[in-house]
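Here is a friendly walk through one model, meant to be read with the structure open beside you. Take a moment to look it over first.

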Amino acid sequence: MQKQETSLFTPAEAAVLSQLSLKAVNNAIDRKTVPAKRGRGGRLLDESAVIYLSLQRRLARDTTPEFRRRLSAAIAAAPERRIVDVGSLKVDLDESRREVRERLKELRRIERMVVVDPAVMGGSPVFRGTRVPVHQVADLLRQGEPVEILCEDYPRVSEELIRLAPLYAEAHPLRGRPKKQPWHARPPIATWRVPISDLKARETSDR
């Protein structure tokens, strides 16, 4: 029987799935707490590493670096085991594995509903069948815009996809400087010149 190919995740994807910060994920890689593979896109992590990172979110304050390295190695050695032994301690992986796989389902769901086409919005990721940029919706949510308002503003995008937009944006951050808006290079529609004396007179009258 052919062995199923193992999924690999970028540090940004691993951060989303484990609910750790990207900085914490990169620190774990740099300190060799979790093993990383080299790919075209840089460093990659397998599912056992992501499950460990999900556990690290809960255990980091109560465990030593040595314990965390041993735990990571134990999970990597038996990625499908429900419980792993670290010295005299037993660590249950079920909850972390379940959380990671549920978030992975959500991530894959939103990825299937996003299109990147150079002919649409300059290649910015948009929701399939629309010209609505995913990162723009994610930014609005982060700024506190209610989901209900965004559903009204973007009626062709479902509430589920709007809620999942930050998941996609965090797993697939935009690279480089923000693109300039198309009107930045255009001349102003009109200009007005106001003499300084008029401004001073208005300021005096407002007092």
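This is a predicted model: local features need pLDDT of at least 70, side-chain atom pairs count only at pLDDT 80 or more; totals for chains, interfaces and linings use all residues.

Residues are numbered from 1 along each chain as its sequence is written, and side-chain values use heavy atoms, with hydrogens and water left out.

Let's begin with the open sheet, whose three strands take the order 1-3-2 with antiparallel pairing (two strands pair if DSSP finds at least two bridges between them). Strand 1 and strand 2 are at the edges with a single partner strand each, so one side of each has no neighbour in the sheet. Helices (H or I, at least four residues) and strands (E, at least two) are DSSP runs, numbered from the N terminus.

| Strand | Residues |
|---|---|
| Strand 1 | 8–9 |
| Strand 2 | 37–39 |
| Strand 3 | 42–46 |

Strands 2 and 3 are joined by three bridges, and Lys37 sits opposite Leu44 of strand 3.

Leu8 belongs to strand 1. Its C-alpha lies 4.7 Å from that of Asp46, although 38 residues separate Leu8 and Asp46 in sequence.

Now to helix 6 (residues 134–142), where Val134, His135, Val137, Ala138 and Leu141 are buried (under 20% relative accessible area, 1.4 Å probe, protein chains only). These buried residues fall within an arc of 160° seen down the axis of helix 6, so they line one face of the helix; the arc is that of the directions from the helix axis to the C-beta atoms. Just after helix 6, Gly144 has a positive phi of about 100°.

Methods
Buried means under 20% relative accessible area, exposed over 50%, partly exposed in between (1.4 Å probe, protein chains only).
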